[in-house]
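Colleague: I have a model open and would like to talk it through with you. Could you take me through how it is put together?

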Amino acid sequence: MKIRILGSSGSEVAGHRAPAFLVDGESLLDAGTIGLSLKIREERKIRRIILTHAHFDHIKGIPFMLDNLVTRGRVHTVTVISGRDVIRDLKTNIFNDKIWPDFTKIPTPDRPILRYRTVSASREEKVDGYRLIMIRVNHTVPAYGIILTNSKGKRIAYTGDTGPTDRFWKKVDEYRVKHLIVESSFPNRLEELALKTGHLTPALLQKEIAKMKNPPPKIYLMHAKPQYFPEIEQEIQGIAGNNTRYLRQEEVLTI
Ligand SMILES: [Zn+2]
Ligand SMILES: [Zn+2]
């Protein structure tokens, strides 16, 4: 499994792009960044987008990607996958023929560029050659953590945005996950703000990791607000040994 980091920042300023993780060239975990990173021929290979939640920084790449694909000659239908509540929010608030076109009817309703697939929480589902399980996490809107396993048994867990939670860590433990992408948005001094907005700090993250019997040996952090990045990077030193570090934009993890 190859995971290319298209963006891993908690906001967007020059040099820092919003979260999106391209798995094996054709699946996205979140979609905050697509066209700002990928060439058109790479965009064309994307077949499915799995969304942790509907916050703008995690979906922002989708409207432009669909527009690019349709206007340059579509190749297939792209499936956006998430929980029922997240899909509903996308339909109602983004692809509603007001903010952006309803791409489930474009170019034609019987062969659209976009289709939705809803998955149930905490139930493993088959998604083409993958096994996917989405687990409720603790954010300000409906949000899910993801555990994705490919046909060779290679596996990644990804929290999306979350404050302190329990169910997700139980599953990560149960699935013996070895590679985890987890958020850490704010420095320790802003713990109150982190909790209020459904996010973690390095100190809170340390407590989350301690909830697992077998924490993943490789832990990659994401979603720092750019202005706090140097401070947070200092604070993560020593958390769960030396195998915890921030992701770098455009790096590729081979799992
Ligand atoms: Zn969010
Ligand atoms: Zn976010």
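Colleague: Which residue stands opposite Tyr-246 in strand 15?

Modeller: That is Leu-221, which faces Tyr-246 across the pairing of the two strands; strand 14 and strand 15 pair in the parallel sense, over 3 bridges. Please keep in mind throughout that this is a predicted model.

Colleague: And how many bridges join strand 13 to strand 14?

Modeller: There are 5 bridges, and these two strands also run parallel, with Glu-183 standing opposite Met-222 in strand 14.

Colleague: How many of the residues of strand 14 are buried?

Modeller: Strand 14, residues 218-222, is mostly covered, with 4 of its 5 residues buried.

Colleague: What is the strand order in the sheet?

Modeller: The order is 9-10-11-12-13-14-15, in an open sheet of 7 strands with mixed pairing. Its edges are strand 9 (125-127) and strand 15 (244-246), each of which pairs on one side only, and neighbouring strands of this sheet are turned by 25 degrees against each other on average, if direction is ignored.

Colleague: Mixed, you say, so do strand 11 and strand 12 run parallel or antiparallel?

Modeller: Antiparallel: 4 bridges join strand 11 (residues 144-149) to strand 12 (residues 155-158), and within that pairing Ile-147 stands opposite Ala-157 in strand 12.

Colleague: Which strands does helix 5 touch when it packs on the sheet?

Modeller: Helix 5, residues 167-174, touches strand 10 (130-136), strand 11, strand 12 and strand 13 (179-183), and its direction makes about 150 degrees with that of strand 10.

Colleague: Which residues of helix 5 are buried?

Modeller: They are Phe-168, Trp-169 and Val-172. Because they cover an arc of only 95 degrees around the axis, they lie on the same side of helix 5. Besides strands 10, 11, 12 and 13, these buried residues pack against helix 7 (202-209). Helix 5 is then followed by Arg-176, whose phi is positive, near 50 degrees.

Colleague: Let's switch to helix 3; which of its residues are buried?

Modeller: In helix 3 (residues 61-71) the buried residues are Gly-61, Ile-62, Met-65, Leu-66 and Leu-69. Seen down the helix axis they fall within an arc of 120 degrees, so they line one face of helix 3.

Colleague: And what do they pack against?

Modeller: The partners of the buried residues of helix 3 are strand 2 (20-23), strand 3 (27-31), helix 1 (40-43), strand 4 (48-50), helix 2 (56-59) and strand 8 (114-118). After helix 3 comes Gly-73, again with a positive phi, near 95 degrees.

Colleague: Which residues touch the most other members of the largest nonpolar core?

Modeller: Those are Phe-21, Leu-28, Ile-49 and Ile-146, out of the 64 residues in that core. If we leave out residues up to four places away in sequence, Phe-21 touches Ile-3, Ile-5, Leu-6, Leu-28, Leu-29, Asp-30, Tyr-158 and Ile-181. As background, nonpolar side chains tend to be buried together in soluble globular proteins.

Colleague: Stepping back, what radius of gyration does the protein have?

Modeller: It has 17 Å, which agrees with the value near 18 Å that a compact globule of 255 residues would have. The C-alpha trace spans about 55 × 35 × 30 Å along its principal axes, and the protein has 8 helices and 16 strands.

Colleague: What share of the residues is buried?

Modeller: Buried residues make up 42% of the 255. As for contacts with a separation of 6 or more, 59% are between residues 24 or more positions apart.

Note on methods: Residues numbered from 1 in each chain as written. Chains lettered and ligands numbered in written order. Predicted model: local features only at pLDDT ≥ 70, side-chain atom pairs only at ≥ 80, totals over all residues. Core = buried A, V, L, I, M, F, W, Y, C linked by C-beta atoms within 7 Å. Buried ≥ 20, exposed ≤ 12 C-beta atoms within 10 Å, placed from the backbone. Contact = placed C-beta atoms within 7 Å. Arc of directions from axis to C-beta. Pairing = 2+ DSSP bridges. Axes fitted to C-alpha atoms, helices over the stretch in contact; angles between N-to-C directions. Rg over C-alpha atoms; globule rule 2.2 N^0.38 Å.
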